[in-house]
Amino acid sequence: MSANSWLATGNFFTKYKQEQRTFLTSLDRSFFTFFLVLLFGWPLLFELSNKYMLVVDNILIAIVAVMGLNLVTGFAGLISIGHAAFVGIGAYTIASFCRTMGDSHIIITHFWPVLIVVSGLVGAVFGAIVGLPALRLKHLYLAIATLSFQMIFEWTIQFMTFFNQGQTIYVGRVFWFTGKVGRKDHYLFWYFVILTIVILLGFGIRNLLKTRYGRSLVAVRDNDRAADAMGMNPGLTKVYAFALAGFFAGIAGALHAYVYRGVGFESFTLHESIGYLAMAIVGGLGTLNGSFWGPVALKFLDLQVETLAETVGQYMPSGMNLATALKPFTFGLVIVLFLIFEPRGIANWWRITKSYTKLWPFRY
Amino acid sequence: MKSKSFLTALLILVVMFAFTASVNAGGKVYKLGMSLAITGPTSDAGNPYAKGTEDYFKFVNETKILGDDTIDCTIRDDQYKTDVTKRNFEEYLDDGIVMYLNYSTGSTLGLKRDFEEEEIAVLSASYHAGNLDDSNYIFLPIASYSDQLVNLAEYVAKNHKGGKAKVALFVHPSAFGRGPVSDVEKAVAAGLNIELVEVVEHGKDLDNTAMLKRLMSKNVQYVISQTIQSPVATMIKDSQRLGLTASSFGEAGKLTFMGAHYTGGNDLIALAGNATENYFWITAFNITSVPGEGTTKQLALAKLFGRDQKAADSHNYAAGIMVAQVATEAIRRAKAAGLEVNKANLYKMLNGMNGANAYSPYTTTGPVTYSKTDRMGVDMLQIYSVQNGVFRAVGEPVESEYMKKIK
């Protein structure tokens with residue numbers, strides 16, 4: 001091991017355990033700690049409007065969902081185009097409690113951390129069930145199976161009166177130790193909650209990937225027959241990859257229900273599923289930090305294009321038609337450009353930046 | 001030297017006075033917010049609606065209807081997504097709006113709790129009766145979809161010759177479409193003399209042959225639609241192709257098509273051409289093919305702000321103007337009463353629009369009446385039918401008899 005724990009100038013590992021550490025140097029750890037302090041501290045120093053706080057919450061929820069999608073599609077190589085339906089499962093788990101017990105029942109308002117975990121577990125169960133076809137199907141055929149789940153989900157929600165036929169099912173305001181979380185603090189409160197969940201789940205994935213279970217995901221993705229020959233169970237691995245993705249999506253769905261204080265069908269459509277997939281691709285499939293970059297990039301792009309479309313709509317004679325086309329056009333273009341020029345996503349830029357700064361000012 | 005200092009001081013005072021004077025002369029600015037689908041699904045209705053609202057507020061400011069005070073209404077596109085609507089609404093609240101104008105049924109229902117908590121009056125372009133359940137702050141500009149469909153069903157019951165009329169409902173597969181179905185069923189249960197044979201939730205079908213044949217096999221004579229224009233256009237064009245469309249109201253062995261507010265208008269004629277002939281449509285807005293004082297003003301407003309003929313003729317343009325008129329009137333009344341123009345007082349002014357204080361905008365077929373127990377604006381609805389390629393009024397404005405019974 002390097003004598004200086006702050007600035008390692010090479011690999012000096014003598015044990016496998018050393019290589020598996022989350023932070024290779026003390027500098028890494030310090031930077032990360034500082035970054036966390038910054039993330040938790042900035043809203044207390046700079047007051048953000050409710051609109052932008054909602055945007056930030058929304059990005060964090062998307063990060064949770066995309067982390068799950070990255071597990072199944074990025075790490076395990078199983079295409080899922082029904083991810084929004086899994087998110088919907090989580091949201092409708094909360095909605096089901098609200099429908100059954102009333103939206104202001106103490107279980108919903110006081111035991112919300114438990115309900116969020118329960119939603120994740122329900123998502124995991126559905127994920128495992130939808131993952132069963134993965135035992136037999138691969139590639140495009142598996143994608144179609146997940147698409148079928150999306151369709152079944154949409155149909156069920158839209159036609160079952162229990163789910164209010166897709167209309168909004170309200171979720172009551174939650175309580176914290178300080179009392180009821182009112183309208184003024186609502187988005188800020190959920191920012192801290194979701195941020196904590198993102199950090200916990202992020203560490204969860206990071207640690208999972210160091211274990212045999214995590215490595216088996218990658219092994220099955222690269223060559224499932226070889227993985228089978230090495231003693232892994234590819235079928236089980238695929239099913240549990242789906243279950244894990246379902247868990248993350250379920251958590252994201254529950255958070256969505258609480259942040260928006262209601263569950264409506266239109267937040268979990270096929271269009272949203274494609275959006276999650278796009279976020280995973282743009283961020284970088286098969287990378288943990290890609291799950292952060294993707295949602296941040298696409299959600300902000302969405303906002304900017306909206307503003308641009310409004311401006312165009314105001315100043316151009318046939319502006320409205322152009323504005324209508326601008327958003328899907330930009331969305332599609334970004335994905336295509338990334339697939340052509342940077343298939344490894346923004347995560348790869350991060351990797352390049354990191355390796356450059358590590359060696360700076362010495363080139364090699 | 002002294003005189004120079006004096007002149008400098010005088011100059012400063014003059015400049016200060018000029019600035020202060022201009023601020024006072026500028027009057028107050030009342031902020032309003034509107035979120036609707038200018039692009040995306042249903043933008044064919046949302047686009048002219050937004051133009052109507054925008055033009056009327058410009059007109060109010062330019063013609064000084066509120067004196068030196070002006071209305072600053074920010075209009076944002078939500079692409080028919082509730083999540084985006086919520087974001088827009090939060091932004092407007094941050095800006096300090098005194099009234100909010102919303103659009104879709106989904107978002108009106110989705111944000112109902114927020115409206116209650118903020119205690120802000122909301123004028124919605126969704127006429128879904130369910131918007132009013134457990135709500136005190138949502139105001140429907142005109143009678144609900146339920147009123148519209150029950151009114152059409154009553155028209156069928158009154159004018160059908162022979163036994164009991166067989167009716168099918170053709171509805172959008174959403175809260176917007178399904179909303180009034182139960183009220184029609186209740187009206188039938190309360191004695192409305194029609195037989196409700198089938199409720200069809202349409203998909204994105206490009207051909208309705210099978211459905212139309214099925215309805216014919218069940219001896220259905222009237223199809224009442226609660227959806228948007230494009231599915232209706234597809235259906236009536238198919239019916240014309242199959243030779244199933246009635247040439248006059250209630251022709252035996254044929255289908256007479258009818259529909260609620262968002263199914264009709266000049267846009268339907270543009271989409272379906274002569275297949276719209278004899279299509280019956282109900283709304284509470286004056287339309288430009290039936291000229292009158294109101295439509296003349298509507299067309300003049302569109303011309304003033306350079307709108308094309310399509311937008312000027314749209315009943316959705318009229319609907320957009322109408323909500324702006326109601327909001328302006330509430331502000332005007334608050335000012336006239338010497339009250340501060342804020343959320344609470346505008347809510348009070350809206351609730352006071354009844355009896356002798358009812359408000360009659362030029363865009364509608366009847367007056368706007370609101371009270372603490374009635375938050376449906378224009379109760380009088382007008383039935384129109386397409387004759388020789390244009391919508392013509394059928395009789396006088398009507399009010400549902402059975403809606404009163406089932407409420």
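Two residues are in contact if their C-beta atoms, placed from the backbone, lie within 7 Å. In this predicted model, 17 residues of domain 1 of chain B are in contact with 15 residues of domain 2 of chain B.

**Domains of chain B**

Chain B is divided into domain 1 (29-143 + 292-374) and domain 2 (147-283 + 383-406). Taken over C-alpha atoms, the centres of the two domains are separated by 28 Å. On the side of domain 1 of chain B that touches domain 2 of chain B, α2 and α4 (105-110) of chain B each supply at least two residues. Helix α4(B) gives the most to that side, with three residues.

The table gives the residue classes for one side of each contact.

| Side | Nonpolar | Polar | Charged |
|---|---|---|---|
| Domain 1 of chain B, touching domain 2 of chain B | five residues | 10 residues | two residues |

**Sheet of chain B**

Six strands of chain B form an open sheet with parallel pairing, in the order β2-β1-β3-β4-β5-β11. Its edge strands, β2 (70-77) and β11 (376-378) of chain B, each pair on one side only. From one strand to the next, the twist averages 25°.

Within this sheet, strand β3 (residues 99-102) of chain B and strand β4 (residues 122-124) of chain B pair in the parallel sense over three bridges. Leu101(B) stands opposite Leu123(B) in β4(B). Helix α2 (residues 43-62) of chain B lies across β1 (29-36), β2 and β3 of chain B, and runs at about 165° to β2(B).

**Nonpolar cores**

The largest nonpolar core has 120 residues, of which Leu32(B), Ala153(B), Val167(B), Ala327(B) and Leu346(B) touch the most other members. Helix α14 (residues 315-336) of chain B gives the most to this core, with 12 residues. Domain 1 and domain 2 of chain B each contribute at least three residues to this core.

Not counting residues up to four places away in sequence, Ala327(B) touches Leu32(B), Met99(B), Leu101(B) and Leu123(B). Apart from this core lies another, of 96 residues, among them Ala85(A), Val130(A), Val181(A) and Ile281(A).

Methods: Residues numbered from 1 in each chain as written. Chains lettered and ligands numbered in written order. Predicted model: local features only at pLDDT ≥ 70, side-chain atom pairs only at ≥ 80, totals over all residues. Pairing = 2+ DSSP bridges. Helix = DSSP H or I, 4+ residues; strand = E, 2+ residues; numbered from the N terminus. Axes fitted to C-alpha atoms, helices over the stretch in contact; angles between N-to-C directions. Core = buried A, V, L, I, M, F, W, Y, C linked by C-beta atoms within 7 Å. Buried ≥ 20, exposed ≤ 12 C-beta atoms within 10 Å, placed from the backbone. Domains from an automatic or database assignment. Nonpolar A, V, L, I, M, F, W, Y, C, P; charged D, E, K, R; others polar.
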